[in-house]
Amino acid sequence: MTPHTGIPFVQALRFWFRLGCISFGGPAGQIALMHRELVEQRRWISERRFLHALNYCMVLPGPEAQQLATYLGWLMHRSWGGIMAGALFVLPSLVLLVALSWMYVALGEQPLVAGLFYGIKSAVLAIVLQAAQRLGIRTLRKPLHWMLALAGLLSLSLSVPFPVVIIVAACTGALLARWAPQWVEVVPPAASAAAGLAPASAPSAASPSAPLTIGSAAFETQGFTPSSRFVIDDDTPTPSHARPSRTRLLNVLGVGLALWTLLMIIVHQLDNAQGTLLAMGEFFTQAALVTFGGAYAVLPYVVQGAVETHGWLTGPQMIDGLALGESTPGPLIMVVAFVGFLGGWSQEVFGPASLLAGGIAGACVATAFTFLPSFVFILAGGPFVEATRDRLGFTAPLAAISATVVGVIAHLALFFAGHVLWRDQRLDLWALTLTIVALLMLMVWRLNVLWVLGVSALAGLLLSL
(Lines give C-alpha, C1' and ligand atoms only; values in the text may rest on other atoms or scores of the structure.)
Protein backbone atom coordinates (compact mmCIF):
# COMPACT_ATOMS: atom_id res chain seq x y z
CA MET A 1 0.00 0.00 0.00
CA THR A 2 1.40 3.38 -0.96
CA PRO A 3 0.77 6.04 1.70
CA HIS A 4 0.02 9.59 0.61
CA THR A 5 2.29 10.88 3.42
CA GLY A 6 5.50 9.01 2.68
CA ILE A 7 5.32 7.14 6.01
CA PRO A 8 6.03 3.44 5.28
CA PHE A 9 2.91 1.38 5.92
CA VAL A 10 4.81 -1.59 7.37
CA GLN A 11 6.70 0.69 9.74
CA ALA A 12 3.41 2.19 10.91
CA LEU A 13 2.00 -1.30 11.51
CA ARG A 14 4.98 -2.20 13.68
CA PHE A 15 4.42 0.96 15.68
CA TRP A 16 0.72 0.28 16.28
CA PHE A 17 1.43 -3.31 17.32
CA ARG A 18 4.10 -2.22 19.82
CA LEU A 19 1.74 0.44 21.12
CA GLY A 20 -0.95 -2.20 21.70
CA CYS A 21 1.53 -4.32 23.66
CA ILE A 22 2.77 -1.64 26.08
CA SER A 23 -0.09 0.89 26.30
CA PHE A 24 -0.59 0.76 30.07
CA GLY A 25 -1.79 3.67 32.16
CA GLY A 26 -5.36 4.16 30.93
CA PRO A 27 -6.50 6.69 28.29
CA ALA A 28 -4.34 9.56 29.59
CA GLY A 29 -1.19 7.46 29.58
CA GLN A 30 -1.95 5.97 26.16
CA ILE A 31 -2.65 9.37 24.58
CA ALA A 32 0.49 10.85 26.13
CA LEU A 33 2.49 7.91 24.79
CA MET A 34 1.13 8.43 21.27
CA HIS A 35 1.85 12.16 21.51
CA ARG A 36 5.46 11.65 22.54
CA GLU A 37 6.10 9.01 19.89
CA LEU A 38 4.24 10.51 16.91
CA VAL A 39 4.74 14.23 17.58
CA GLU A 40 7.95 14.64 19.55
CA GLN A 41 10.09 11.75 18.36
CA ARG A 42 8.99 10.43 14.99
CA ARG A 43 7.67 13.82 13.76
CA TRP A 44 4.92 12.07 11.82
CA ILE A 45 2.19 14.56 12.75
CA SER A 46 2.21 18.10 14.08
CA GLU A 47 1.03 19.12 17.54
CA ARG A 48 -1.97 21.01 16.17
CA ARG A 49 -3.10 18.17 13.92
CA PHE A 50 -2.68 15.67 16.76
CA LEU A 51 -4.79 17.75 19.17
CA HIS A 52 -7.39 18.37 16.47
CA ALA A 53 -7.78 14.60 16.10
CA LEU A 54 -7.91 14.19 19.88
CA ASN A 55 -10.64 16.84 20.21
CA TYR A 56 -12.80 14.92 17.77
CA CYS A 57 -12.26 11.58 19.51
CA MET A 58 -13.12 13.09 22.89
CA VAL A 59 -16.64 14.02 21.76
CA LEU A 60 -17.43 10.54 20.45
CA PRO A 61 -18.82 7.63 22.42
CA GLY A 62 -16.24 4.92 22.85
CA PRO A 63 -12.61 4.60 23.99
CA GLU A 64 -10.78 7.83 23.12
CA ALA A 65 -7.29 6.34 22.88
CA GLN A 66 -8.30 3.54 20.52
CA GLN A 67 -10.29 5.96 18.38
CA LEU A 68 -7.33 8.34 18.28
CA ALA A 69 -5.09 5.53 17.03
CA THR A 70 -7.71 4.67 14.41
CA TYR A 71 -8.01 8.31 13.36
CA LEU A 72 -4.27 8.85 12.98
CA GLY A 73 -3.85 5.57 11.12
CA TRP A 74 -6.69 6.59 8.80
CA LEU A 75 -5.18 10.03 8.24
CA MET A 76 -1.82 8.53 7.30
CA HIS A 77 -2.87 5.44 5.33
CA ARG A 78 -6.55 5.71 4.44
CA SER A 79 -9.24 3.28 5.66
CA TRP A 80 -7.00 0.21 5.92
CA GLY A 81 -4.50 2.23 7.91
CA GLY A 82 -7.19 3.20 10.38
CA ILE A 83 -8.59 -0.32 10.63
CA MET A 84 -5.17 -1.86 11.26
CA ALA A 85 -4.17 0.83 13.77
CA GLY A 86 -7.37 0.39 15.79
CA ALA A 87 -7.28 -3.41 15.61
CA LEU A 88 -3.62 -3.73 16.60
CA PHE A 89 -4.30 -1.39 19.52
CA VAL A 90 -6.85 -3.92 20.84
CA LEU A 91 -5.74 -7.42 19.80
CA PRO A 92 -2.81 -7.91 22.23
CA SER A 93 -5.09 -6.98 25.12
CA LEU A 94 -7.79 -9.38 23.90
CA VAL A 95 -5.37 -12.32 23.72
CA LEU A 96 -3.95 -11.55 27.16
CA LEU A 97 -7.36 -11.07 28.78
CA VAL A 98 -8.67 -14.36 27.37
CA ALA A 99 -5.69 -16.15 28.91
CA LEU A 100 -6.11 -14.36 32.25
CA SER A 101 -9.87 -14.98 32.26
CA TRP A 102 -9.29 -18.71 31.80
CA MET A 103 -6.79 -18.71 34.67
CA TYR A 104 -9.30 -16.78 36.76
CA VAL A 105 -12.15 -19.26 36.33
CA ALA A 106 -9.80 -22.26 36.65
CA LEU A 107 -7.78 -21.09 39.68
CA GLY A 108 -9.82 -18.26 41.18
CA GLU A 109 -10.97 -20.36 44.16
CA GLN A 110 -7.41 -21.18 45.27
CA PRO A 111 -6.58 -19.45 48.59
CA LEU A 112 -3.50 -17.66 47.25
CA VAL A 113 -5.33 -16.37 44.18
CA ALA A 114 -8.30 -15.33 46.34
CA GLY A 115 -5.91 -13.41 48.60
CA LEU A 116 -4.39 -11.59 45.63
CA PHE A 117 -7.82 -10.50 44.40
CA TYR A 118 -8.84 -9.47 47.93
CA GLY A 119 -6.14 -6.80 47.84
CA ILE A 120 -6.73 -5.88 44.21
CA LYS A 121 -10.44 -5.20 44.84
CA SER A 122 -9.54 -2.40 47.25
CA ALA A 123 -7.17 -0.91 44.68
CA VAL A 124 -9.91 -1.00 42.04
CA LEU A 125 -12.30 0.85 44.36
CA ALA A 126 -9.63 3.53 44.87
CA ILE A 127 -9.04 3.77 41.11
CA VAL A 128 -12.74 4.34 40.44
CA LEU A 129 -12.93 7.00 43.17
CA GLN A 130 -9.95 8.76 41.62
CA ALA A 131 -11.60 8.59 38.18
CA ALA A 132 -14.70 10.32 39.54
CA GLN A 133 -12.55 13.00 41.21
CA ARG A 134 -10.45 13.71 38.11
CA LEU A 135 -13.44 13.88 35.77
CA GLY A 136 -15.30 16.07 38.25
CA ILE A 137 -12.45 18.61 38.33
CA ARG A 138 -12.51 18.90 34.54
CA THR A 139 -16.28 18.81 34.10
CA LEU A 140 -18.21 20.36 37.02
CA ARG A 141 -17.72 24.05 36.12
CA LYS A 142 -21.27 25.38 36.58
CA PRO A 143 -23.95 24.83 39.25
CA LEU A 144 -26.00 23.11 36.57
CA HIS A 145 -23.22 20.55 36.10
CA TRP A 146 -23.27 19.69 39.79
CA MET A 147 -27.04 19.24 39.61
CA LEU A 148 -26.69 16.94 36.61
CA ALA A 149 -24.03 14.88 38.39
CA LEU A 150 -26.32 14.45 41.40
CA ALA A 151 -29.22 13.57 39.10
CA GLY A 152 -27.09 10.91 37.41
CA LEU A 153 -26.18 9.37 40.76
CA LEU A 154 -29.78 9.34 41.99
CA SER A 155 -31.17 8.06 38.69
CA LEU A 156 -28.98 4.97 38.64
CA SER A 157 -29.68 4.41 42.34
CA LEU A 158 -33.37 4.28 41.37
CA SER A 159 -32.55 1.78 38.55
CA VAL A 160 -33.25 4.21 35.71
CA PRO A 161 -31.68 2.67 32.56
CA PHE A 162 -28.30 4.18 31.71
CA PRO A 163 -29.23 5.17 28.10
CA VAL A 164 -32.23 7.11 29.43
CA VAL A 165 -29.98 9.02 31.84
CA ILE A 166 -27.62 9.97 29.00
CA ILE A 167 -30.42 11.00 26.62
CA VAL A 168 -32.10 13.21 29.24
CA ALA A 169 -28.75 14.87 30.02
CA ALA A 170 -28.10 15.58 26.33
CA CYS A 171 -31.58 17.02 25.83
CA THR A 172 -31.15 19.22 28.90
CA GLY A 173 -27.89 20.61 27.56
CA ALA A 174 -29.35 21.22 24.10
CA LEU A 175 -32.42 23.05 25.45
CA LEU A 176 -30.38 25.25 27.78
CA ALA A 177 -27.93 26.08 24.98
CA ARG A 178 -30.88 27.45 23.03
CA TRP A 179 -32.88 29.16 25.79
CA ALA A 180 -30.39 29.88 28.61
CA PRO A 181 -26.85 29.70 27.21
CA GLN A 182 -25.38 31.47 30.25
CA TRP A 183 -26.10 28.29 32.23
CA VAL A 184 -23.99 26.05 30.04
CA GLU A 185 -21.49 28.23 28.20
CA VAL A 186 -18.02 27.63 29.60
CA VAL A 187 -14.55 27.68 28.15
CA PRO A 188 -13.58 23.99 27.99
CA PRO A 189 -10.16 22.94 29.21
CA ALA A 190 -7.61 22.27 26.52
CA ALA A 191 -7.65 18.74 25.26
CA SER A 192 -3.92 18.55 25.79
CA ALA A 193 -4.26 19.36 29.48
CA ALA A 194 -7.03 16.77 29.87
CA ALA A 195 -4.79 14.16 28.34
CA GLY A 196 -1.76 15.14 30.37
CA LEU A 197 0.15 16.55 27.41
CA ALA A 198 2.65 19.35 27.60
CA PRO A 199 1.88 22.60 25.78
CA ALA A 200 3.06 22.83 22.24
CA SER A 201 5.79 25.27 23.12
CA ALA A 202 7.19 23.15 25.94
CA PRO A 203 10.44 21.40 25.16
CA SER A 204 10.61 17.65 25.43
CA ALA A 205 12.15 16.48 28.66
CA ALA A 206 13.94 13.64 26.91
CA SER A 207 16.28 13.69 24.01
CA PRO A 208 14.33 13.12 20.80
CA SER A 209 16.89 10.60 19.71
CA ALA A 210 16.47 8.43 22.80
CA PRO A 211 14.07 5.49 22.96
CA LEU A 212 10.88 5.89 24.97
CA THR A 213 10.88 3.24 27.68
CA ILE A 214 7.75 1.89 29.38
CA GLY A 215 8.55 -0.89 31.81
CA SER A 216 10.79 -3.34 29.98
CA ALA A 217 9.66 -2.29 26.50
CA ALA A 218 11.20 0.47 24.42
CA PHE A 219 10.29 2.26 21.23
CA GLU A 220 13.17 2.90 18.90
CA THR A 221 13.12 6.20 17.09
CA GLN A 222 14.49 4.45 13.99
CA GLY A 223 16.63 7.32 12.87
CA PHE A 224 14.02 10.08 13.07
CA THR A 225 15.61 13.34 14.17
CA PRO A 226 13.91 16.57 15.20
CA SER A 227 13.37 19.13 12.50
CA SER A 228 11.26 22.16 11.84
CA ARG A 229 8.85 20.12 9.74
CA PHE A 230 6.50 17.23 10.35
CA VAL A 231 5.52 14.60 7.82
CA ILE A 232 1.91 15.78 8.33
CA ASP A 233 2.37 19.43 9.27
CA ASP A 234 -0.09 22.21 10.08
CA ASP A 235 -0.12 23.38 6.47
CA THR A 236 -0.14 19.91 4.89
CA PRO A 237 -3.22 19.81 2.61
CA THR A 238 -6.05 17.60 3.79
CA PRO A 239 -5.91 14.37 1.78
CA SER A 240 -8.83 13.55 -0.45
CA HIS A 241 -10.04 10.67 1.71
CA ALA A 242 -10.32 13.00 4.76
CA ARG A 243 -12.57 15.57 3.04
CA PRO A 244 -16.35 15.55 3.55
CA SER A 245 -18.08 13.37 1.01
CA ARG A 246 -21.69 12.25 1.18
CA THR A 247 -20.94 9.28 -1.07
CA ARG A 248 -18.07 8.10 1.11
CA LEU A 249 -20.18 8.59 4.22
CA LEU A 250 -22.97 6.41 2.83
CA ASN A 251 -20.47 3.77 1.71
CA VAL A 252 -18.86 3.52 5.14
CA LEU A 253 -22.23 3.39 6.91
CA GLY A 254 -23.41 0.72 4.49
CA VAL A 255 -20.31 -1.42 5.00
CA GLY A 256 -20.54 -0.99 8.78
CA LEU A 257 -24.19 -2.04 8.82
CA ALA A 258 -23.44 -5.00 6.55
CA LEU A 259 -20.60 -6.15 8.82
CA TRP A 260 -22.81 -5.84 11.89
CA THR A 261 -25.55 -7.86 10.18
CA LEU A 262 -23.06 -10.52 9.05
CA LEU A 263 -21.65 -10.83 12.55
CA MET A 264 -25.15 -11.20 14.00
CA ILE A 265 -25.93 -13.96 11.50
CA ILE A 266 -22.73 -15.80 12.40
CA VAL A 267 -23.43 -15.42 16.10
CA HIS A 268 -26.97 -16.69 15.61
CA GLN A 269 -25.64 -19.80 13.88
CA LEU A 270 -23.16 -20.48 16.68
CA ASP A 271 -25.49 -19.71 19.55
CA ASN A 272 -26.99 -22.11 22.04
CA ALA A 273 -30.68 -22.51 22.77
CA GLN A 274 -30.56 -19.73 25.39
CA GLY A 275 -29.39 -17.16 22.82
CA THR A 276 -26.52 -15.98 25.05
CA LEU A 277 -24.15 -14.89 22.27
CA LEU A 278 -26.95 -13.15 20.38
CA ALA A 279 -27.92 -11.26 23.53
CA MET A 280 -24.25 -10.28 23.97
CA GLY A 281 -24.10 -8.91 20.43
CA GLU A 282 -27.16 -6.75 20.99
CA PHE A 283 -26.12 -5.64 24.48
CA PHE A 284 -22.56 -4.61 23.64
CA THR A 285 -23.70 -2.80 20.50
CA GLN A 286 -25.96 -0.68 22.68
CA ALA A 287 -23.13 -0.16 25.18
CA ALA A 288 -20.82 1.07 22.42
CA LEU A 289 -23.32 3.76 21.44
CA VAL A 290 -23.74 5.27 24.92
CA THR A 291 -20.16 5.24 26.25
CA PHE A 292 -19.78 9.03 26.46
CA GLY A 293 -17.17 9.70 29.12
CA GLY A 294 -14.96 6.68 28.60
CA ALA A 295 -14.78 3.24 30.13
CA TYR A 296 -15.73 4.21 33.69
CA ALA A 297 -18.94 5.75 32.39
CA VAL A 298 -20.06 2.61 30.58
CA LEU A 299 -19.20 0.25 33.43
CA PRO A 300 -22.43 1.02 35.33
CA TYR A 301 -24.35 0.13 32.16
CA VAL A 302 -22.39 -3.11 31.85
CA VAL A 303 -23.09 -3.86 35.50
CA GLN A 304 -26.80 -3.22 34.98
CA GLY A 305 -27.02 -5.52 31.99
CA ALA A 306 -24.35 -8.19 32.46
CA VAL A 307 -24.69 -8.61 36.23
CA GLU A 308 -28.24 -7.65 37.18
CA THR A 309 -30.23 -8.42 34.02
CA HIS A 310 -28.47 -11.30 32.25
CA GLY A 311 -26.54 -12.81 35.15
CA TRP A 312 -23.43 -13.53 33.05
CA LEU A 313 -21.23 -12.84 36.11
CA THR A 314 -21.51 -11.58 39.68
CA GLY A 315 -20.70 -8.21 41.21
CA PRO A 316 -17.42 -9.39 42.83
CA GLN A 317 -16.40 -11.00 39.54
CA MET A 318 -17.03 -7.67 37.79
CA ILE A 319 -14.61 -5.98 40.19
CA ASP A 320 -12.03 -8.69 39.51
CA GLY A 321 -12.49 -8.15 35.77
CA LEU A 322 -11.87 -4.43 36.15
CA ALA A 323 -8.68 -5.25 38.05
CA LEU A 324 -7.49 -7.44 35.18
CA GLY A 325 -8.40 -4.69 32.72
CA GLU A 326 -6.39 -2.14 34.70
CA SER A 327 -3.33 -4.40 34.81
CA THR A 328 -3.20 -5.23 31.08
CA PRO A 329 -2.30 -3.03 28.08
CA GLY A 330 -4.95 -1.61 25.79
CA PRO A 331 -8.11 0.40 26.48
CA LEU A 332 -9.82 -0.17 29.83
CA ILE A 333 -13.09 -0.92 28.05
CA MET A 334 -11.45 -4.27 27.18
CA VAL A 335 -12.97 -5.42 30.46
CA VAL A 336 -15.90 -6.40 28.20
CA ALA A 337 -13.74 -9.32 26.99
CA PHE A 338 -13.65 -10.61 30.56
CA VAL A 339 -17.41 -10.14 30.86
CA GLY A 340 -17.98 -11.99 27.59
CA PHE A 341 -15.63 -14.81 28.59
CA LEU A 342 -17.35 -15.40 31.91
CA GLY A 343 -20.77 -15.16 30.25
CA GLY A 344 -19.84 -17.71 27.58
CA TRP A 345 -18.29 -19.98 30.21
CA SER A 346 -21.09 -19.75 32.81
CA GLN A 347 -23.89 -20.12 30.25
CA GLU A 348 -22.12 -23.07 28.57
CA VAL A 349 -22.81 -21.70 25.10
CA PHE A 350 -21.07 -24.69 23.46
CA GLY A 351 -22.03 -27.23 26.12
CA PRO A 352 -20.39 -28.33 29.40
CA ALA A 353 -17.63 -30.18 27.53
CA SER A 354 -16.47 -27.02 25.71
CA LEU A 355 -16.39 -24.36 28.40
CA LEU A 356 -13.14 -22.81 27.17
CA ALA A 357 -14.43 -22.55 23.61
CA GLY A 358 -17.61 -20.92 24.89
CA GLY A 359 -15.63 -18.43 26.94
CA ILE A 360 -13.42 -17.50 23.98
CA ALA A 361 -16.49 -17.06 21.78
CA GLY A 362 -18.09 -14.79 24.37
CA ALA A 363 -14.94 -12.67 24.68
CA CYS A 364 -14.65 -12.28 20.89
CA VAL A 365 -18.34 -11.38 20.50
CA ALA A 366 -18.18 -8.77 23.27
CA THR A 367 -15.03 -7.22 21.81
CA ALA A 368 -16.21 -7.19 18.19
CA PHE A 369 -19.56 -5.56 18.90
CA THR A 370 -18.04 -3.04 21.34
CA PHE A 371 -15.42 -1.73 18.90
CA LEU A 372 -17.19 -1.97 15.52
CA PRO A 373 -19.11 1.32 16.06
CA SER A 374 -15.84 3.10 16.92
CA PHE A 375 -14.38 2.26 13.52
CA VAL A 376 -17.55 3.47 11.81
CA PHE A 377 -17.52 6.74 13.78
CA ILE A 378 -13.95 7.50 12.72
CA LEU A 379 -14.09 6.40 9.09
CA ALA A 380 -17.48 7.99 8.41
CA GLY A 381 -17.88 11.02 10.61
CA GLY A 382 -14.48 12.64 11.03
CA PRO A 383 -14.71 15.45 8.47
CA PHE A 384 -18.31 16.26 9.40
CA VAL A 385 -18.03 16.34 13.18
CA GLU A 386 -14.86 18.44 13.15
CA ALA A 387 -16.80 21.28 11.51
CA THR A 388 -19.19 21.46 14.48
CA ARG A 389 -16.53 21.45 17.18
CA ASP A 390 -16.90 25.11 18.26
CA ARG A 391 -20.69 25.41 18.12
CA LEU A 392 -22.39 25.78 21.48
CA GLY A 393 -25.42 23.83 20.28
CA PHE A 394 -23.12 20.87 19.80
CA THR A 395 -20.80 21.23 22.80
CA ALA A 396 -23.45 22.00 25.47
CA PRO A 397 -25.15 18.56 25.24
CA LEU A 398 -21.74 16.92 25.47
CA ALA A 399 -20.81 19.01 28.52
CA ALA A 400 -24.13 18.01 30.13
CA ILE A 401 -23.40 14.35 29.41
CA SER A 402 -19.91 14.64 30.89
CA ALA A 403 -21.31 16.22 34.06
CA THR A 404 -23.91 13.46 34.42
CA VAL A 405 -21.20 10.86 33.91
CA VAL A 406 -19.48 12.11 37.10
CA GLY A 407 -22.55 11.04 39.05
CA VAL A 408 -22.68 7.77 37.12
CA ILE A 409 -19.11 6.94 38.10
CA ALA A 410 -19.87 7.89 41.71
CA HIS A 411 -22.71 5.37 41.61
CA LEU A 412 -20.28 2.77 40.30
CA ALA A 413 -17.95 3.51 43.21
CA LEU A 414 -20.81 2.99 45.67
CA PHE A 415 -21.69 -0.31 43.96
CA PHE A 416 -18.08 -1.51 44.25
CA ALA A 417 -17.80 -0.27 47.84
CA GLY A 418 -20.81 -2.38 48.81
CA HIS A 419 -19.00 -5.50 47.62
CA VAL A 420 -15.49 -4.58 48.78
CA LEU A 421 -15.97 -2.93 52.17
CA TRP A 422 -18.83 -5.02 53.59
CA ARG A 423 -18.38 -8.69 54.49
CA ASP A 424 -20.84 -10.74 56.54
CA GLN A 425 -23.05 -7.69 57.12
CA ARG A 426 -20.28 -5.60 58.70
CA LEU A 427 -17.51 -3.23 57.71
CA ASP A 428 -14.30 -4.94 56.63
CA LEU A 429 -11.63 -2.79 58.31
CA TRP A 430 -8.75 -4.41 56.43
CA ALA A 431 -10.41 -3.70 53.08
CA LEU A 432 -11.10 -0.11 54.18
CA THR A 433 -7.44 0.31 55.20
CA LEU A 434 -6.19 -1.07 51.88
CA THR A 435 -8.54 1.26 49.99
CA ILE A 436 -7.30 4.32 51.89
CA VAL A 437 -3.66 3.35 51.29
CA ALA A 438 -4.40 2.83 47.59
CA LEU A 439 -6.02 6.28 47.42
CA LEU A 440 -2.93 7.82 49.03
CA MET A 441 -0.68 6.06 46.51
CA LEU A 442 -2.78 7.34 43.62
CA MET A 443 -3.72 10.86 44.68
CA VAL A 444 -0.95 11.95 47.07
CA TRP A 445 2.14 9.99 46.06
CA ARG A 446 0.96 9.75 42.41
CA LEU A 447 2.24 6.24 41.85
CA ASN A 448 1.55 4.36 38.63
CA VAL A 449 -1.61 2.26 38.59
CA LEU A 450 0.41 -0.93 38.09
CA TRP A 451 2.39 -0.18 41.28
CA VAL A 452 -0.84 0.39 43.19
CA LEU A 453 -2.32 -2.88 41.95
CA GLY A 454 0.89 -4.77 42.70
CA VAL A 455 1.27 -3.43 46.24
CA SER A 456 -2.42 -4.05 46.99
CA ALA A 457 -2.24 -7.59 45.62
CA LEU A 458 0.82 -8.32 47.77
CA ALA A 459 -0.92 -6.91 50.85
CA GLY A 460 -3.97 -9.07 50.16
CA LEU A 461 -1.73 -12.12 49.77
CA LEU A 462 0.02 -11.44 53.08
CA LEU A 463 -3.32 -11.00 54.84
CA SER A 464 -4.57 -14.31 53.44
CA LEU A 465 -1.52 -16.05 54.87
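A surface patch here is made of residues with over 30% relative accessible area and no salt bridge, nonpolar side chains being joined within 5 Å. In this predicted model, one nonpolar patch on the surface has about 830 Å² of accessible area together.

**Surface patch**
- The nonpolar patch is formed by I436, V437, L440, M443, V444, W445, L447, W451 and V455.
- Helices α16 (429–443) and α17 (449–464) each supply at least two residues of the patch, and α16 gives the largest share, four residues.
- L440 lies in helix α16; its relative accessible area is 34%, so L440 is partly exposed.

- Apart from neighbours within four places in sequence, W312 is in contact with T276, A279, M280, F283, F284, A306, V339, L342, G343, S346 and Q347.

**Helix α10**
- Helix α10 (residues 276–288) has 13 residues, which at 1.5 Å a residue should span 18 Å; its end C-alpha atoms are 18 Å apart, in agreement with that expectation.
- Helix α10 is mostly covered, with 10 of its 13 residues buried.
- Those buried residues are T276, L277, A279, M280, G281, F283, F284, T285, A287 and A288.

Note on methods. Residues numbered from 1 in each chain as written. Predicted model: local features only at pLDDT ≥ 70, side-chain atom pairs only at ≥ 80, totals over all residues. Heavy atoms only, no water. Patch = residues over 30% accessible without salt bridge, like charges linked within 9 Å, V, L, I, M, F, W, Y side chains within 5 Å. Areas by Shrake-Rupley, 256 points an atom, 1.4 Å probe, with all protein chains shown as cover. Salt bridge = Lys/Arg side-chain N within 4 Å of Asp/Glu carboxyl O. Buried < 20%, exposed > 50% of the residue type's maximum accessible area, 1.4 Å probe, protein only. Contact = heavy atoms within 4.5 Å. Expected span 1.5 Å × (residues − 1).
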